[in-house]
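Visitor: I would like a close look at a single part of this structure, with its surroundings described as well. Please keep to what can be read from the model.

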Amino acid sequence: MSTSASLLAPLTVGALTLPHRIVMAPMTRARSTQPGDLPNALNATYYAQRASAALIVSEAAQISPQGKGYSFTPGIYSEEQVRGWQLVTNAVHQAGGRIFLQLWHVGRMSHPDFHQGALPVAPSALPFAGQIWKVDDATGIGAMVDSPTPRALERAEIAAIVEDFRRAARNAIRAGFDGVEIHGANGYLIDQFLRTTSNHRQDEYGGSRENRLRFLKEVVDAVAGEVGAQRTAIRLAPFLTARGMDCPDILPTILDAATFLQERGIAYLHLVEADWDDAPDITEAFRQQLRERFSHPIIVAGNYDKPRAQWVLDHGYADLVAFGRPFVANPDFPRRLVDDLPLAPFDGATLFGGTATGYTDYPALPLARAA
């Protein structure tokens, strides 16, 4: 076990020195400029307002047009998108912050409307229960809609997606990000390869645990080879059961992945913990096994409050704690958390899409109030 650390203790993560342990988790907000899925000045303001986080992990950015699964999410594959992200990274750095870009391919969590009528892709052509947020072109109104049964990727297509991750990582560093976090969680493409429930392949990418880990390893190797292991991280979701992802072999698979990630020397491992009402408990046995496999920084996220955050740090099960929705309505969330200041509620109707309302118009508390 690592030594107990305060939420305010500094920490080295990769090549960065973080001033404390409170991370802003990645959150899809669907406010990119259209057409082109372009990051913009409004996004830059939003992230700069939250630069007091020890580290910001950006909303996920699709690595290619094929990787898109929600309306108005930003990309990181075109020159225009790189220039848009430069607005964001410049604003965050000028405000004293640090920011990683999350790299995304949604796999089957998508809709034909994003792909000129073509089916989304996945390891296997399996039906599943999953919905994505899509804006109706006629009305401009967004809603959750079902994802169809995807088509299975050919082996040559898998290699092309690995290269898309590599190029996206290179573009992220060109755009000024301090590093990249590969999205391997929440039922998206990498996660789909990891699980027996979503991967029925009978080739070198399916079947055995080692085969199901192959795509993750190839993506991590490509990204780390391009931008350096110290600028490479990954997010995984060992306890996800929704979206047809209830895999009986996932915990041993995640532990085997952790062994590989330790050997690869990545900057950190980010765990999405179960945060729904009837979620399974995260056992201390699993936390201990994971720490035995992975000694580099671990970030945990999932309905944490201040006492629980300090508990997980005290036990050495994690080194940083990420918070999502509290950052939406509280741009100065680290100060509010540490000083036990009141938290403003967020407007759930403005989470996805829209304007500055419910995005950049939440105020920080005046300093006098904190005193």
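What span should the 16 residues of helix 2 (residues 79–94) have at 1.5 Å a residue, and how far apart are its end C-alpha atoms?

Guide: The model is predicted. At 1.5 Å a residue, the 16 residues of helix 2 should span 22 Å, and the end C-alpha atoms are 22 Å apart, so the two values agree. After helix 2 comes G96, which has a positive phi, near 90°.

The buried residues of helix 2 are Q81, V82, G84, W85, V88, T89, A91 and V92. Their cover includes helix 1, helix 3 (155–174), strand 4 and strand 5. One of these covering elements, helix 1 (residues 41–49), itself lies across strand 3 (22–24), strand 4 (55–62) and strand 5 (99–104). The direction of helix 1 is at about 150° to that of strand 4.

Eight strands form it, in the order 3-4-5-10-11-12-13-14, and the barrel is closed, with parallel pairing. From one strand to the next, the twist averages 25°. Further along that order, strand 13 (residues 298–301) pairs with strand 14 (residues 320–323) in the parallel sense over 3 bridges. Within this pairing, L320 of strand 14 is the bridge partner of I299.

L101 has V180 of strand 10 as its bridge partner. On its other pairing, strand 10 runs parallel to strand 11 (residues 232–236), with 5 bridges between them. Here I182 stands opposite I234 in strand 11.

Strand 10 (residues 179–184) has 6 of its 6 residues buried, so it is largely enclosed by the rest of the structure. In a regular strand, side chains alternate between the two faces of the sheet. In strand 10 both faces are covered, with G179, E181 and H183 buried on one side and V180, I182 and G184 buried on the other.

The packing can be followed from L103. The largest nonpolar core has 83 residues, of which L103, F165, F215 and L236 touch the most other members. Leaving out residues up to four places away in sequence, L103 touches V180, E181, I182 and H183, and also A61, I63, I76, F165, A168, A169 and V223.

Key. Residues are numbered from 1 along each chain as its sequence is written. This is a predicted model: local features need pLDDT of at least 70, side-chain atom pairs count only at pLDDT 80 or more; totals for chains, interfaces and linings use all residues. Side-chain values use heavy atoms; hydrogens and water are left out. Two strands pair if DSSP finds at least two bridges between them. Helices (H or I, at least four residues) and strands (E, at least two) are DSSP runs, numbered from the N terminus. Axes are lines fitted to C-alpha atoms, for helices over the stretch in contact, and angles run from 0 to 180 degrees between N-to-C directions. Contact means heavy atoms within 4.5 Å. The expected span of a helix is 1.5 Å times one less than its number of residues. Buried means under 20% relative accessible area, exposed over 50%, partly exposed in between (1.4 Å probe, protein chains only). A nonpolar core is a set of buried Ala, Val, Leu, Ile, Met, Phe, Trp, Tyr and Cys residues joined through side-chain atoms within 4.5 Å.
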